[in-house]
Amino acid sequence: MKAIRRFTVRPVLPEPLRPLSDLARNLRWSWHAETRDLFQSVDPERWAAADRDPVRLLGSVPPARLAELAQDRRFLRRLAAAADDLDDYVRGARWYQAQPGELPSAVAYFSPEFGITAALPQYSGGLGILAGDHLKAASDLGVPLIGVGLLYRHGYFRQTLSRDGWQQEHYPVLDPHELPVALLEEADGTPASVALALPGGRRLHARIWLAQVGRVPLLMLDSDVEENDPGERGVTDRLYGGGSEHRLLQEMLLGIGGVRAVRAYCRLTGHPEPEVFHTNEGHAGFLGLERIAELGAAGLDFDAALEAVRAGTVFTTHTPVPAGIDRFDRDLVARHFGPDAELPGVETERVLRLGRETYPGGEPGLFNMAVMGLRLGQRANGVSLLHGQVSREMFAGLWPGFDAEEVPITSVTNGVHAPTWVAPEVLRLGARQVGAQRAEDALTAGGSERWDAVAGIPDLDIWELRRTLREQLVTEVRRRLTASWRQRGAGTAELGWIDGVLDPDVLTIGFARRVPSYKRLTLMLSDPRRLTDLLLDPERPVQIVVAGKAHPADDGGKRLVQELVRFADDPRVRHRIVFLPDYGMGMAQKLYPGCDIWLNNPLRPLEACGTSGMKAALNGCLNLSVLDGWWDEWFQPDFGWAIPTADGAGTDPDRRDAIEAAALYDLLEQRVAPRFYERGRTGLPDRWIEMVRQTLTLLGPKVLAGRMVQEYVERLYTPAAHAHRALTPETARALAAWKDRVRGAWPGVRVDHVETTTATPTAELGSTLGLRVRVALAGLAPEDVEVQAVSGRVDPEDRLTEVSATPLKPVGNPDREGRWLYEGPLALDRTGPYGYTVRILPSHRLLASPTEMGLVTVPAQDAATGAGVLLR
């Protein structure tokens, strides 16, 4: 029989145990070992049965046990200490509060998914885990962040396998009352809510759930409320589910509804209003439209409001391929905005223009969320140095006339939240070496000086730690494999072989991630015979643990999973290679520490960052990866291996896979496995241990989410807050009018004549070249522009590389034709083929970058006299 109604019966805690409720409701427990240990001591068996979720645990503990704990003075002392520690953590000054200067009063951070803990399954992969780590690191550092997302009633799907290895999806219903969240309430106790207008006079209502992530509130909007019709109730049903209109409504609710939720939260709690809005990928881009509408209601016209909004907006792009960006039919977007729908005060055509693909090859009938994000954010970044370069090339068409390297998209390389991902055993070893407080500081704020102490840990301690973690992984794999085979229909008599799966003394390789084709889950299967030989080598065997989910609509990805599973099912090798279904945070926290090698073999450069290898590295696991994402930036032979890439233009995909798979096998056979099994004079693999030590000391401080958030604060949030403060309504109107005037005049701006004081084709290093440039400004004043000499090396086609720009200065007054003369020196500071050009750019103190407006003027071919290539 099925229940006709479901509700949650909450336990009544005895008064002395009331602090347990506060500890359970603040998600700091998910990365604070002492708090988790406290909950485990309440009832170890029920703690395990509740999947280490304090809310579920407290709902299952018998009253008699609660009464017993309420009289246990030792437990009450531990409880009081944990409660005091949380209070000090939440209220005390941290890194942010010690920084000089005027930092943002608050930052609103929007993301479609957040991976905080397995107990709050609102994530699908790297984007969500990154967002969760961002919030946790901000909490540790004291950054006044407000997270904004959606509460999905089904979360992301759970994955099982059929008997023949085909992925099957399941969508369990999540009851918010059983999750570590609470409704945001108005002063009278009624639930706070937001609403969006839909076409045809309908409304989309949503309540606001609050998850407390340490010091950081996370607001999650939920459309499954009685005020909505069935269609609207389902808007927040599944993460990345449904068709185009469903996704559009999700993203409107996230962006527009999210801003309204932030306003409600600040009104009800007194939290400072955000000065900076951070859009984590394009899904939340509509937040800029809501803020434009707010300013419009306060009397600002669209152009001035746009400038004010852009000043305080940061946009992070995570995808290196156009196919990874949400794009909607232009007519669908138009139907949801305007007088009969949402934001009636904003002209629909202005909305559509923000998402229009105006670059060569763009689709005029599509609305591009990333393009809108870039147009609504004055500051933008990719998530690794290489990804920043890829992003500048991918979006260069939005800044015509500029080389890709000048496109105003910078990089902040991702990091991971060490207290979440470092195994307790690793943390205890560090605390034993340097002290608990110093170890905690090293994991949160970083700093190489805090990690150098790893060099003093004895080899034997490191090796015993690695074996302990490997042994724990073997136990976990056997448990999960047994459960998986039972789900696939196997009986007890068929599962005796699982007791021999994996060996705690064998080199262990991990590979776990989403399964789009570019991540190449099955590259390791390119030569099954060679892989089998590696697995079964009598002297230097390897064993591999694989996990990953394919998107429910991606049959190609599901076929890759099935191919891997069928290989792993083979009785000859199934004790050496396993596929674990339902990859998630709980599995990952066991998998990373237990592996010796973390394998990553995407098609370069399609991995934006790839943070799984960072989590593995923090546990002393070595990386074996294609030079993509963060590994391209930080790889050194001291602590890992780089898989060579075959990315020549003439290499077809199949041949490329074959070449790179052969390189992978070579590395494993000739370098990785020999290094692991080689023993020194002490009987330990001293060269392997030294690589582990170098991984921790050299990579450890770099891969931290604390380092990442500090960079966001210093390089993006603080400049954005200052720009936001500078854009008063009057200033915003003036800036918008100035831009309009410059755009109107720009077709008439030109470089009429360039001459130099040297007409010879060669010159000496260290000499100075004098430049005289005559320009027409079409009614603009010299303070409206900057005239630059741009110089650098030249390639065989006379294209400038390694360029530097030198401003030239106006001399005297305009001539009779209104042209201005600019002069300046050009230092010849390098030898070899060298050249220069001149250009004119808009210039204004409130522009974040001289390329911001996408306007540039360069000389016509016949404008130069005595100019050209020098020092050949």
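Good morning. The structure is a predicted model, in which local features need pLDDT of at least 70, side-chain atom pairs count only at pLDDT 80 or more, and totals for chains, interfaces and linings use all residues. Residues are numbered from 1 along each chain as its sequence is written, and side-chain values use heavy atoms, with hydrogens and water left out.

I begin with confidence. The protein chain has a mean pLDDT (the predictor's confidence in each residue, from 0 to 100) of 93, and 96% of its residues reach 70 or more. Residues 865-872 have pLDDT below 50, yet this stretch has 39 contacts in the model beyond near neighbours in sequence; a contact here means heavy atoms within 4.5 Å.

Next, the overall form. The chain comprises 29 helices and 30 strands; these are DSSP runs, helices being H or I with at least four residues and strands E with at least two, numbered from the N terminus. Its radius of gyration, taken over C-alpha atoms, is 29 Å, which agrees with the value near 29 Å for a compact globule of 872 residues; the globule rule is 2.2 Å times the number of residues to the power 0.38. Along the principal axes, the C-alpha atoms fill a box of roughly 95 × 70 × 50 Å. Of the 872 residues, 56% are buried, where buried means under 20% relative accessible area, exposed over 50% and partly exposed in between, with a 1.4 Å probe and protein chains only. Among contacts with a separation of 6 or more, 73% join residues 24 or more positions apart.

I turn to the cavities. How many cavities of 30 Å³ or more does the structure hold? There are nine. A cavity is a set of points, on a 1 Å grid over the protein atoms alone, where a 1.4 Å probe fits but cannot get out, and lining residues have an atom within 4 Å of a point. Grid points are joined across faces, edges and corners, and a volume is the space filled by probe spheres set on the points.

The largest cavity contains about 310 Å³ of space. It is lined by 25 residues, with Val426, Gly430, Trp451, Val454 and Leu696 closest to its centre. Helices H17 (424-434), H18 (436-444), H19 (448-451), H20 (459-487) and H27 (686-699) each give two or more residues to this lining, and H17 supplies the largest share, seven residues. By class, the lining has 18 nonpolar, four polar and three charged residues. Here Ala, Val, Leu, Ile, Met, Phe, Trp, Tyr, Cys and Pro count as nonpolar, Asp, Glu, Lys and Arg as charged, and the others, Gly among them, as polar.

The second largest cavity has a volume of about 90 Å³. Of its 13 lining residues, Leu481, Trp485, Arg488, Asp569 and Phe579 lie nearest its centre. H20 contributes two or more residues here too, as do helix H22 (555-569) and strand S19 (577-580). This lining has nine nonpolar, one polar and three charged residues.

Finally, two individual residues. Thr279, in strand S11 (residues 276-280), has a relative accessible area of 3% and is therefore buried. Beyond four places in sequence, its contacts include Phe110, Leu287 and Phe315.

Leu289 is in helix H10 (residues 287-297) and is buried, with a relative accessible area of 0%. Beyond four places in sequence, Leu289 touches Phe337, Leu343, Val351, Leu354, Met372 and Leu376. Thank you.

Methods. 1 Å grid on protein atoms, 1.4 Å probe; cavity = no way out; pocket = protein on both sides within 12 Å on 5 of 7 lines; lining within 4 Å.
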